[in-house]
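Have the viewer open and follow along.

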Amino acid sequence: MRITAEAKTATRERIIKVAAKLFAKEGYDSATTRGIAVKAGIATGTLFNYFESKEAIVAALISEALASAEQKIRQRDDETLEEELFTFIWSELAALVEYRKFLAEAAESILSPLRRYAKESPGNSIRANHLEAVEQILMNHGITAPTAVAMQLYWTLYLGVFAHWATDESPKQEDSMALLDQSLKLFVLALPRSGAGHHEHQAE
Amino acid sequence: MNTKLSDLLSSLPQDEPESGLLDSAEAQEQLKAIFADLAYKRVPVHSLHRIWTIGELSTQITLAYTALWVRGLFADTKKKEQQRNETNIRVALKMVHRLGYLRGAAIKLGQAFGSLPELLPDQVVSTLDMLHAQAPPMHYSLIREVVLAELGKEPTELFASFDKEPFAAASIGQVHRATLKSGEDVAVKIQYPGIGRAIQADLRNVTALVFPTRLTRGGESIRGQIDAMKQMLAEEMDYAHEAQNAREARALFKEADGVVVPKIFDEYSTSRVLTMEFIPGKNVSEFLAGNPSQGERDALGTKINLVAERMLYARINYSDPHSGNYIAMNDGRLGLVDFGCLQRIAPEDFKWMDNGDRFLDGKITVLESLRETGSYTEKELADENFIGPLLRHYDWFLEPIAKKGTFDFGDPEPFRRMIENLKVMVEKVYPSPPMYLYMYRTIFGLRVLCYRLKCRVDLGALRAQERKPWV
């Protein structure tokens with residue numbers, strides 16, 4: 001029997017949905033691909049036709065949430081660099097908020113900077129897409145070639161905010177909101193002084 | 001504390017007061033530079049950083065005053081005045097620098113200090129006044145996300161219009177103008193995320209720093225006052241509490257009073273966002289800049305005092321008599337903004353007000369009322385050297401109420417007399433109940449405000465009128 005493309009997509013979506021529930025219930029580290037397959041009503045072997053690992057499932061889940069966030073982010077003309085970055089990152093985090101419970105463990109597994117050099121990590125594309133969006137925002141504000149060090153500084157700050165947010169117990173994650181605000185002020189100050197972004201910051 | 005003693009010593013006043021004296025123009029220049037610098041300061045979110053900075057600040061103030069006191073033993077009076085002046089300016093500049101940096105907690109502490117002229121006289125009071133309007137802003141994206149998190153929608157969806165630029169700085173947030181879809185002009189006060197909880201953590205640290213181990217009788221009293229301050233700050237950070245305060249205050253005034261307490265719009269308010277009726281007009285500083293006539297000054301001053309008396313009899317102390325909180329409306333009415341700092345007066349503390357009335361009725365002397373408090377021994381009450389300054393302080397306080405007819409608040413003589421007496425009082429320690437911290441803030445704050453207004457008010461008649469319904 002041939003499986004239609006629609007049926008394939010539906011199964012893929014079901015796996016992601018079931019996995020999200022299981023991660024939330026059992027914790028990301030404890031959940032297994034076998035457990036996910038059972039809950040999704042498919043054979044473990046079938047699951048591997050869709051995702052090669054648990055990491056790949058959570059990476060897909062995050063990517064999809066982020067993609068939906070990106071559609072919602074409208075660029076506002078009057079936003080400064082700092083504001084646009086703030087909007088971008090906070091909207092992404094807001095899209096992930098329902099998964100917050102297990103994201104700390106998952107992020108440690110797929111986004112940790114210590115795993116940066118692991119080839120074929122499912123987190124690589126998330127990182128690449130995110131940084132590409134950030135570079136685009138920098139470009140919108142006249143910073144065309146940020147240094148590798150500047151981007152690494154950004155990523156380090158971002159992961160710090162992400163980690164704080166994932167485990168933040170303050171009401172409505174308000175401490176993370178403040179931390180993001182402070183982190184971006186720091187990042188913008190570290191950008192080259194000749195960039196348009198800096199002038200904008202001075203004008204504030 | 002990691003602060004090096006050498007750093008602290010170098011921050012103390014120079015040894016040549018004649019040449020090193022800062023005139024106000026120079027102080028202004030320094031202030032400008034500091035404010036320019038402030039725009040780039042990051043708000044430290046890390047609690048440890050704040051502890052250190054506040055700790056350093058209190059040490060610097062203490063050391064600066066200690067050094068002044070020691071040198072004062074060898075200085076003649078004129079020199080002493082100069083040195084005091086210089087120290088005050090230096091300490092004020094340092095405080096402004098640190099306070100701006102610390103935002104929340106320290107700004108509130110600064111405002112409290114700002115109302116205690118015996119610690120920080122004129123220049124400092126006006127410096128802190130400036131600080132109030134100079135808190136660094138939140139950008140609109142942050143505002144939008146706070147409103148979204150609090151009210152479930154972005155400002156542009158919630159309101160018919162919303163100004164992205166704030167029109168005023170609140171001590172722990174900022175205020176934006178907006179229009180409701182139903183047409184009302186409103187002011188939306190928005191709190192910096194997480195600042196309230198951070199301030200409370202800071203205050204615990206400040207208490208630990210200021211009162212490490214040994215407690216004298218005066219120390220107990222100060223600790224009680226710090227506890228009162230903590231409770232007030234906790235309430236002030238909760239805008240839902242402020243909304244309730246505003247509702248209670250609003251019920252106290254009738255149209256004929258010419259006093260406007262803004263309406264709160266609950267469906268647009270939470271503990272972090274407060275939406276209230278916008279009150280158009282000028283704050284006291286702007287009012288004064290317009291060179292108002294004596295009649296206009298008197299009318300505004302009378303309303304400001306009416307508010308204080310009305311609330312006191314209702315057992316509420318409007319304890320933030322900051323010039324920015326009073327709005328002179330174009331139609332002559334007085335608008336009040338900011339109800340974060342309303343102190344409920346407990347029945348046992350209300351005796352203070354009762355005793356004032358008994359004194360005015362000639363039924364009790366100030367000395368007798370001090371005896372009734374039970375805070376002083378007979379030996380202390382009989383010692384002019386100890387109790388004298390306190391008696392003179394009460395005389396000063398009751399003078400405008402006891403006087404028949406109008407009292408001229410612009411007269412510098414009673415004002416100078418108060419400062420002189422406070423200088424003496426500050427060297428002695430008088431035990432006083434916790435509520436007095438805010439009561440003093442109100443009394444001095446109001447007197448400073450009325451002095452600036454140079455208003456003439458028949459306070460005795462006003463008090464009699466406000467007392468009537470309660471007799």
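Helices here are DSSP runs (H or I, at least four residues), numbered from the N terminus, as are strands (E, at least two). With that in hand, A:Gln182 sits in helix 9 (residues 174–190) of chain A, and A:Thr33 belongs to helix 2 (residues 33–40) of chain A. The model is predicted: local features need pLDDT of at least 70, side-chain atom pairs count only at pLDDT 80 or more, and totals for chains, interfaces and linings use all residues. Residues are numbered from 1 along each chain as its sequence is written, chains are lettered from A and ligands numbered from 1 in the order written, and side-chain values use heavy atoms, without hydrogens and water.

Now the two residues, where buried means under 20% relative accessible area, exposed over 50% and partly exposed in between (1.4 Å probe, protein chains only).

| Residue | Relative accessible area | State |
|---|---|---|
| A:Gln182 | 6% | buried |
| A:Thr33 | 17% | buried |

Leaving aside neighbours within four places in sequence, A:Thr33 is in contact (heavy atoms within 4.5 Å) with A:Leu47, A:Phe48, A:Ser53 and A:Lys54.

On to the lining of the largest cavity. Helix 20 of chain B contributes the most to this lining, with six residues. By class, the lining holds twelve nonpolar residues (Ala, Val, Leu, Ile, Met, Phe, Trp, Tyr, Cys and Pro), three charged (Asp, Glu, Lys and Arg) and two polar (the others, Gly among them).
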